[in-house]
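Hi everyone, thanks for coming.

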Amino acid sequence: MAKDRTSTAAAFYLIIWCVFFVQGHAFYLPGVAPEDFDKGDTLNVKVNKLTSTKTQLPYSYYTLPFCRPKTIVDSAENLGEVLRGDRIENSPYQFKMREPQMCNVLCRITLNGKTARKLKEKIDDEYRVNMILDNLPLVVPVQRPDREISSFVYQHGFHVGFKGQYAGSKDEKYFINNHLTFTVKYHKDVLTDTARIVGFEVKPFSAKHEYEGQWSEKTRLTTCDPHAKRTIISSESPQEVEDKKEIIFTYDVDYEASDVKWASRWDTYLMMADDQIHWFSIVNSLMIVLFLSGMVAMIMLRTLYRDISKYNQLETQEEAQEETGWKLVHGDVFRPPVNSDLLCVYVGTGVQFFGMILLTMIFAVLGFLSPSNRGGLMTALLMLFVFMGLFGGYAAARLYKMFKGTNWKKITLQTAFMFPGIAFSIFFVLNALIWGQKSSGAVPFGTMFALVFLWFGISVPLVFVGSYVGFRKPAPEDPVKTNKIPRQIPEQAWYMHPVFSILIGGILPFGAVFIELFFILTSIWLQQFYYIFGFLFLVFIILIVTCAEITIVLCYFQLCSEDYLWWWRSYLTSGSSALYLFLYASFYFFTKLEITKPVSGMLYFGYMLIASYAFFVVTGTIGFYACLWFTRLVYSSVKID
C-alpha cells in the first residue's frame, strides 16, 4: 500500500514537472505569441501617434491630411498605452506576405490653406510618423558615421517632411515625404513554408508625381514604374507643401529573408547609439560606489566596535560621567520628533513606493515588461502602487504607534491622500494643458475616471486595512528609557549644521544613479527604448546600500556631537538626493533637449517634479529605516543603568 502511494505521488510530481516544463518552452516570456504567415497572407499595418522630441505633444495620425481607410478602427489599448498617448488605428496600406509591390498608389489629395498650414507646423516641429506591423514599430535605418564597419542606428518612425531650398530658390520651402519604401524582414521556417516577421523598416522620399490625362483609379504615374524591379525616386523634384498643391501618396514593399529568429527580433531595435559608453559608464559608476560603500562600512564597523567595547568596560559611574559622545543622549534618542504624524505619513508612502519599484524591477528583469508588451511598464507601476497601499498603511501605523499615537484613522487618511493627491493635482493641471493643445496625449475622461477609481476604490481601502492590522499589533519597545525632561543640545560645529549635513548626504546616493538617469531621461524624452533592466536593478540595489550607509554614518556623527534630533534628519539626508535629481533634470533640459514651446517645458518640469518627489520619499524612507535599525542596535548593545 505504501509502495502504491509512493508510485502515485512520484507520477503526480512527474506530470506537474512535465506540464510546467513544456509550458516554459512553449511560450515566449517577454511578449505576445508568435504568428506564422503563409505566402500571400494579408499583413495588417497599423498607424500610431505622431511624435516630436521638440514639443513632447503626441497627435493622432489622422489629424494630418494622410490617406484614410474607409472606416477608421481604434485598437484596444491598455491603461499604460492610453497614458502614454498611444492611439493605434488601422491604415489603408495593404501588404501581402512575401509578395513585393512597387509603386502602389495609396490616394491623391489636394491641400487647402488649413491642411497645408498643419503640415508645415508639424514639419517645423520635426514630427515623426509611427507605424506598427505584427507588434513591431516602424524604424528608419541610419548609417553610423563614427564606425569604420558598416552599422546602423534605428530611428523610430519617419519624418513627416523636411525644409530645404530647391530649383534655385533662396527661400526655404516645405516638402512632404509622400513615397515610402518599406522593407519587411522575415525568418522562414526550414520545415514549412511559413515565415515570421522579424523587422519592419522604411526609407521615406519626397516625390512630385506626375501622370497623363484625367485622374482615375487606373491612372498610371509617369514618375513611377510599377513593373520595374526597384522604384527609383528622383530627389530633384520633391513634393512641395502649399495651398492647392496636389499630393499623390505611393509606397513600395520589399521582403528580405533574415537569419534573426523571432525571439531575438527586438535585439536590433534595442541597440542604443552609444552602447560602449553606456556599458563603460555603468560599470565605472558601480565600481566607484561599491568602493566607497566598502570604505564606509569598514570605518563604521571598526569605530563603532571600539566605542561599544570601551563603554561596556567602564567600571565606575564617575568614569561614565567623564565620557562624551553618543551614549550621553541615550535618554533622548528615542524621543518622538516634532511633526511625528507627518513623518509617519512620509515613511508609509515611501514603503508603498519601495514595494512598487522592487516588484516592477523583478517583473522587468524576468522579461514581463519588455518593449514588446507596449504600455506594460506604465500599467504595472500604477497597479503595483495601488496594491502596495496595504504595506504603506501598515508601515505608517506601526511607526505612529511607536510614537505613542492614538488617532490611527487620521494617519491613515493622510497616508492615503497626501502624496496621491499632490501628484494627481499636478497631473490634472498638466493634462488640462495637453488638452488645450488638442493633443492625443490628453487622458480621456473615461481613463481619468478609472484612475480615480483605482485610487478611491482600491488604494484607499487597502491603506485602511494595512493601518488597522499595523495598529493592532503591539508597539516595539525602545532599547532604553526616555527622560521626561529633554537634554540641552550643545552648540554644533559648522559642518554639523542640519542644512549642510543634509545636502552633503544626498550627493552619494545621487552619484549611484546619475549615469543611469541619463539613459532613462533619454528613453522617456527622446522616445527611445530602455531595456537594460538587469543593470537598473543592480543600480537600485546599490542605491539602497548607499542611502543606508551614508545616513548611518552621518547619524553616528550627529549622535557623537550629542545631537539626538535624528528622526527627520535621517529621512532628509538620503532624501535630499531628490534635489540633485531635479537639478540634473533641469541641466538635461537645457543641454540635451530642444524644447521651445512653453507648454512643453511646463510638461517636462511638471512630470520631473512628480518623479523627484517620488524619489525623495523612497530614498528618504530607506535612510530612515537604516538609521532606525542602527540606533536600536547600538543602544541595545551597551550597558546603561
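So, the protein chain averages a pLDDT of 81, and 84% of the residues score at least 70; pLDDT is the predictor's confidence in each residue, from 0 to 100. This is a predicted model, where local features need pLDDT of at least 70 and side-chain atom pairs count only at 80 or more, while totals for chains, interfaces and linings use all residues. Numbering runs from 1 along each chain as its sequence is written, and side-chain values use heavy atoms, leaving out hydrogens and water.

Helices here are DSSP runs of H or I, at least four residues, numbered from the N terminus. Over residues 1-31 the pLDDT is below 50, and beyond near neighbours in sequence that stretch has 12 contacts in the model, a contact being heavy atoms within 4.5 Å.

Now to helix α9, residues 408-436: 29 residues. Where does α9 bend? At G421, by about 30°, taken between axes fitted to the seven residues ending there and the seven starting there. Just after α9, K438 takes a positive phi of about 55°.

Last, the contact of α6 with α14: its residues are 7 nonpolar, no polar and no charged, with Trp, Tyr, Leu and Val among those counted as nonpolar. Thanks, everyone!

Technical notes. Helices (H or I, at least four residues) and strands (E, at least two) are DSSP runs, numbered from the N terminus. The expected span of a helix is 1.5 Å times one less than its number of residues.
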